[in-house]
Amino acid sequence: MALTDEAIVKIKGMITSGELGPGDRLPKEADLAARLGLSRNSLREAVKALTLVNVLDVRHGDGTYVTSLDSAHLLDALNFMVDLHRDDSILQFFEVRRLLEPGVAALAATRIGPEQITALRVLTSDLAPDATVEELVANDLRFHHGIAAATGNQVVCSLLDGISGATQRARIWRGVTQAGAVERTLAEHAAILDAIEARDAEAARAWMTAHIAGVETWLRKAP
């Protein structure tokens with residue numbers, strides 16, 4: 001095992017064991033390196049790597065701290081990775097969405113509150129016929145995020161935000177706009193919301209499945 005990887009594993013072990021918790025400050029570099037049997041260079045590289053994935057927070061002049069470790073913070077790195085992926089890998093993320101989002105819609109139908117329904121209803125009727133791609137992307141992100149948020153499950157919400165970022169959606173909406181499928185796509189949004197508002201979990205699951213599968217099918221056929 002590379003020395004940096006060994007250092008990462010040892011710091012992770014301190015967190016998973018409960019020795020270090022969210023917000024805790026790490027021991028001084030020299031003390032921690034000696035305690036873990038690592039060189040200071042290896043420890044520094046490990047800290048850099050864990051900072052990039054939002055596990056640690058280096059505060060210059062103060063020290064290194066464990067972050068809050070909340071799911072939204074930790075999954076920010078996933079969103080960045082998704083946006084970097086090439087067009088030919090978008091379908092893989094859509095397969096993941098097709099596995100997850102129908103269940104999310106079904107769960108939302110059992111948990112959503114009146115104010116959340118109202119906010120989503122505004123989104124389904126809030127776009128002008130000549131909406132720009134940027135407006136479509138923003139609306140789509142808010143709609144799917146709103147459904148995930150209605151489950152009350154922060155991990156689900158963060159995970160779906162991570163695998164369907166704005167860059168990926170912009171590529172898709174650009175194509176959907178060119179194919180003249182905007183009205184149909186937005187009508188599917190309305191049908192999903194109708195089912196959720198009716199507390200019909202299975203109908204919400206079916207409509208979301210059809211919606212995600214429809215875009216996925218279009219992507220497979222797109223040049």
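The hairpin of strand 1 and strand 2 has three residues between its strands. The model is predicted, and every value here is computed from it. Strand 1 covers residues 56-59, and strand 2 covers residues 63-66. The two run antiparallel and are joined by four bridges. Arg 59 stands opposite Gly 63 of strand 2.

The loop between helix 3 and strand 1 holds Asn 54. Asn 54 is not a glycine, yet its phi is positive, at about 65 degrees. Most residues other than glycine have a negative phi. Is Asn 54 buried or exposed? Asn 54 counts as buried because its relative accessible area is 16%, and the cut-off for buried is under 20%.

Helix 3 itself contains Leu 50. Leu 50 has a relative accessible area of 8%, so this residue is buried. Which residues does Leu 50 touch, not counting those up to four places away in sequence? They are Ile 8, Ile 11, Val 55 and Leu 56. Ile 11 lies 39 residues from Leu 50 along the chain. The C-alpha atoms of the two are separated by 9.1 Å.

Now take Leu 20, in the loop between helix 1 (3-16) and helix 2. Leu 20 counts as buried because its relative accessibility is 7%. Its contacts, leaving aside neighbours within four places in sequence, are Met 14, Ile 15, Arg 25, Leu 26 and Val 66. Val 66 falls within the residue range of strand 2. Tyr 65 is 45 residues from Leu 20 in sequence. In space, the two are 9.3 Å apart, C-alpha to C-alpha.

The second largest pocket comes next. About 260 Å³ of space lies in this pocket. Its lining includes Arg 25 and Leu 26, both of which are contacts of Leu 20. Gly 63, the residue opposite Arg 59, also lines the pocket. Others in the lining include Pro 27, Lys 28, Glu 29, Leu 43, Val 47 and Val 58. Helix 2 (29-36), helix 3 (40-52) and strand 2 are the elements that give two or more residues to this lining. Helix 3 gives the most, with three residues. By class, the lining has six nonpolar, two polar and four charged residues.

Turn to the largest nonpolar core, which has 37 residues. Which of these residues touch the most other members? They are Phe 94, Leu 120, Phe 143, Ile 147, Ile 172, Trp 173 and Ile 196. The elements that give two or more residues to this core are helix 6 (90-111), helix 7 (114-124), helix 8 (133-150), helix 9 (154-163), helix 10 (166-178), helix 11 (182-197) and helix 12 (201-221). Helix 6 gives the most to this core, with eight residues. Ile 172 shows some of the packing: it touches Ile 90, Phe 94, Val 215, Trp 218 and Leu 219, not counting residues up to four places away in sequence. Ile 15 is a contact of Leu 20, Leu 56 is a contact of Leu 50, and Val 47 lines the second largest pocket.

What about enclosed space? A search of the whole structure finds two cavities of 30 Å³ or more. The largest cavity holds about 110 Å³ of space. It is lined by 12 residues. Which of them lie nearest its centre? They are Phe 94, Asp 140, Ile 172, Trp 173 and Val 215. Phe 94, Ile 172 and Trp 173 also belong to the largest nonpolar core. Helix 6, helix 8, helix 10 and helix 12 are the elements that give two or more residues to the cavity lining. The largest share, four residues, comes from helix 10. By class, this lining has six nonpolar, three polar and three charged residues.

One more backbone feature remains. Arg 199 sits in the loop between helix 11 and helix 12. Its phi is near 60 degrees, a positive value in a residue other than glycine. Arg 199 has a relative accessible area of 42%, so this residue is partly exposed. Asn 54, by contrast, is buried.

Notes: Residues numbered from 1 in each chain as written. Predicted model: local features only at pLDDT ≥ 70, side-chain atom pairs only at ≥ 80, totals over all residues. Heavy atoms only, no water. Pairing = 2+ DSSP bridges. Core = buried A, V, L, I, M, F, W, Y, C linked by side-chain atoms within 4.5 Å. Buried < 20%, exposed > 50% of the residue type's maximum accessible area, 1.4 Å probe, protein only. Contact = heavy atoms within 4.5 Å. 1 Å grid on protein atoms, 1.4 Å probe; cavity = no way out; pocket = protein on both sides within 12 Å on 5 of 7 lines; lining within 4 Å. Points joined across faces, edges and corners; volume = space filled by probe spheres on them. Nonpolar A, V, L, I, M, F, W, Y, C, P; charged D, E, K, R; others polar.
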